[in-house]
Amino acid sequence: SSADYFQMLGITPEASIAEMESAYHRLLKKFSYDRLIQGSDSQLKSRAEKLREEIHRAISILSNPRERDEYEKSLFRQEVKKAWKLELKKELAEKQFRRGKWFLAHNYPQIALERFEKAIELDPEQAEYFAYTGWAVYCAGKGFSEAIGYLKQSLSLDPSLDRAYYFLGLLSKREGNSEQAEKYFQKALSLNPKNSGARRELDTIAKHKKSKGIFSQIFSQK
């Protein structure tokens, strides 16, 4: 009965393609006409088939970034009209943020950036929104300085946000400043020992240093 495809499939906006497909097959099985009724009921059969078609349409749109973008924009236009008080605006901001994370994870940083900017407009007090906006800005090719500005704003709102330091590390790494990148990754990990991204980056740096040290010893002996 839901017009919201996320609710229809029982998934969050951050759900992966694999999670979507799993939800899709689960619903198809649940609403299979053969499972709903034994015998023949043409009216129920027709309703079951329409439901299956709508479920298929939902997964088709949500798994296609371009179609999903248009769908979410139409959804947002309806949602923003209902967000008339602060609590509702904050809820809608979180929805936009989570939707943006999906696009960022699927290599559509420009679309992700649009979602994150909407989240900030609706709730400008969330440090995480600024952190992800900064990273999306850089990934979308908007510039290093602008990205740094968002990340600094994020840390001014929450100095203990490990994700902001992690993104700063990635920016420094991509700009060729490995020493500064390492410091940011270490800071991120100290704030959150469960930050797997920072740990992975530090492991890579450690392996690179070790490999570089071995080669230096070999050539120095020659």
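Predicted model: local features only at pLDDT ≥ 70, side-chain atom pairs only at ≥ 80, totals over all residues.

Colleague: What share of the residues is buried, and what share of the contacts links residues 24 or more positions apart?

Modeller: Of the 222 residues, 39% are buried. Among contacts with a separation of 6 or more, 53% join residues 24 or more positions apart. The exposed surface comes to about 13,500 Å², with carbon and sulfur atoms supplying 48% of it.

Colleague: How does one read the span of a helix, and what does helix α7 give?

Modeller: The span between the end C-alpha atoms is set against the span expected from the residue count. Helix α7, residues 109–122, has 14 residues and should span 20 Å at 1.5 Å a residue; its end C-alpha atoms are 20 Å apart, so the two agree. Helix α6, residues 86–105, has 20 residues and reaches 29 Å from its first C-alpha to its last, close to the expected 28 Å. Just after α6, asparagine 107 adopts a positive phi of about 65°.

Colleague: By what quantities is a pair of aromatic rings described?

Modeller: Such a pair is described by the distance of the centres and the angle of the planes. In this protein there are 14 aromatic pairs. For tryptophan 135 and tyrosine 138, the ring centres are 6.1 Å apart and the planes stand at 15°, so the pair is stacked. Both residues belong to helix α8, residues 127–139, and are three residues apart, about one turn of the helix.

Colleague: How are the rings of tryptophan 135 and phenylalanine 167 arranged, and where in the chain do the two residues lie?

Modeller: Their ring centres are 5.5 Å apart with the planes at 5°, so this pair too is stacked. It links distant parts of the chain, with tryptophan 135 in helix α8 and phenylalanine 167 in helix α10 (residues 162–174), 32 residues apart. Tryptophan 135 has a relative accessible area of 9% and is therefore buried; phenylalanine 167, at 3%, is buried as well.

Colleague: Which residues form the aromatic cluster?

Modeller: One cluster is formed by Phe97, Phe116, Tyr129, Tyr132, Trp135, Tyr138, Phe144, Tyr166, Phe167 and Phe185.

Colleague: Is arginine 68 buried or exposed, and what does it touch?

Modeller: For a single residue, one reads its place, its accessibility and then its partners. Arginine 68 is in helix α5, residues 65–82, and counts as buried because its relative accessibility is 0%. Not counting residues up to four places away in sequence, arginine 68 touches Phe6, Pro13, Met20, Ile61, Leu62, Trp102, Phe103 and Arg115. A polar atom of the arginine 68 side chain lies 3.1 Å from the backbone oxygen of leucine 62. Arginine 68 also lies over the face of phenylalanine 103, at 5.7 Å from the ring centre. In another such arrangement, lysine 187 lies over the face of tyrosine 165, at 5.8 Å from the ring centre.

Colleague: Where does serine 154 lie, and which residues does it contact?

Modeller: Serine 154 lies in helix α9, residues 144–157, and is buried, with 0% relative accessibility. Leaving aside neighbours within four places in sequence, serine 154 is in contact with Ala127, Phe130, Ala131, Leu161 and Ala164. Glycine 149 has its place in helix α9 and is partly exposed, with a relative accessible area of 39%.

Notes:
Residues numbered from 1 in each chain as written. Heavy atoms only, no water. Helix = DSSP H or I, 4+ residues; strand = E, 2+ residues; numbered from the N terminus. Buried < 20%, exposed > 50% of the residue type's maximum accessible area, 1.4 Å probe, protein only. Polar contact = N/O pair within 3.5 Å; in protein donor to acceptor, adjacent residues only side chain to side chain. Contact = heavy atoms within 4.5 Å. Expected span 1.5 Å × (residues − 1). Areas by Shrake-Rupley, 256 points an atom, 1.4 Å probe, with all protein chains shown as cover. Phe/Tyr/Trp six-rings, centres within 6.5 Å; stacked < 30°, edge-to-face > 60°. Lys NZ or Arg CZ within 6 Å of the ring centre and 35° of its normal.
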